[in-house]
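This briefing goes through a protein model by topic, from the overall fold to single residues. Please keep the sequence and the structure in view while reading.

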Amino acid sequence: MSAHHDLAAHAAGHGHHDQHDHGHHGDDGHDHGSVKSYTIGFLLSVILTAIPFWLVMGNVFESSSTTAMAILALGAVQIVVHMVYFLHMNSRSEGGWTMLAFLFTLVLLVITLAGSIWVMYHLNHNMMPGMTADSPHQIHDMP
């Protein structure tokens, strides 16, 4: 007997068929959202995009740093909206592992960004000691 014939006989003996049971196709434990959920997410995304545009074009705040902080805050809110309404991330999906993976990624991102900003600030401060806000033209006096 050949190996192929043995496998075919073994499969036939155990009632194994090439077609599997597809009765529970959509029930995989994930929340795939609804039209209402996607519509709410889309509307929130449009609003959270229009507000920063209005802040910049309308010159709402006197200080550009205040405008930048408001835009960053609205960007963070928009990230959360996208994760909840489009990526369906919550504490129940995948047994909480997707949220744990997101939190780990967020910690790495914060460490990387904060470290990069810290390094750039200190390099700028230590590499150009003669350049201060009080005397920006001192560089011309250097040999």
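Does V110 count as buried, partly exposed or exposed? At 48% relative accessibility, V110 counts as partly exposed, where buried means under 20% relative accessible area, exposed means over 50% and partly exposed lies in between (1.4 Å probe, protein chains only). The model is predicted, so that local features need pLDDT of at least 70 and side-chain atom pairs count only at pLDDT 80 or more, while totals for chains, interfaces and linings use all residues. Residues are numbered from 1 along each chain as its sequence is written, and side-chain values use heavy atoms, with hydrogens and water left out.

**Overall architecture**

- The protein has four helices and zero strands, and its elements, read from the N terminus, follow the order α-α-α-α; helices (H or I, at least four residues) and strands (E, at least two) are DSSP runs, numbered from the N terminus.
- Of the 143 residues of the protein, 12% count as buried.
- The accessible surface comes to about 11900 Å², and carbon and sulfur atoms contribute 69% of that surface; accessible areas come from the Shrake-Rupley method with a 1.4 Å probe, and for residues only the protein chains shown count as cover.
- Among the contacts in the protein with a separation of 6 or more, 50% are between residues 24 or more positions apart, contact meaning heavy atoms within 4.5 Å.

- S45, placed in helix 2, counts as buried because its relative accessibility is 10%, and beyond its neighbours within four places in sequence S45 is in contact with Q78, V81, H82 and F86.
- Q78 lies in helix 3 and counts as buried at 17% relative accessibility; apart from neighbours within four places in sequence, the contacts of Q78 are with S45, L48 and T49.
- T67 is also found in helix 3 and, at 11% relative accessibility, counts as buried.
- Once neighbours within four places in sequence are set aside, T67 is in contact with L55, V56 and F61, and the C-alpha atoms of T67 and P52, which are 15 residues apart along the chain, are separated by 8.2 Å.

**Aromatic pair**

- The structure holds one aromatic pair, in which the rings of Y38 and F86 have their centres 6.1 Å apart and their planes at 15°, so the pair is stacked.
- For this classification, rings of Phe, Tyr and Trp (its six-membered ring) pair if their centres lie within 6.5 Å, and planes under 30 degrees apart count as stacked, over 60 as edge-to-face and the rest as tilted.
- The pair links distant parts of the chain, with Y38 in helix 2 (residues 35-57) and F86 in the loop between helix 3 (64-85) and helix 4 (97-127), 48 residues apart.
- Y38 counts as partly exposed at 34% relative accessibility, and F86, at 28%, counts as partly exposed.

**Surface and loop features**

- N59 is found in the loop between helix 2 and helix 3, where its phi is near 45°, a positive value in a residue other than glycine, and N59 is exposed, with a relative accessible area of 60%.
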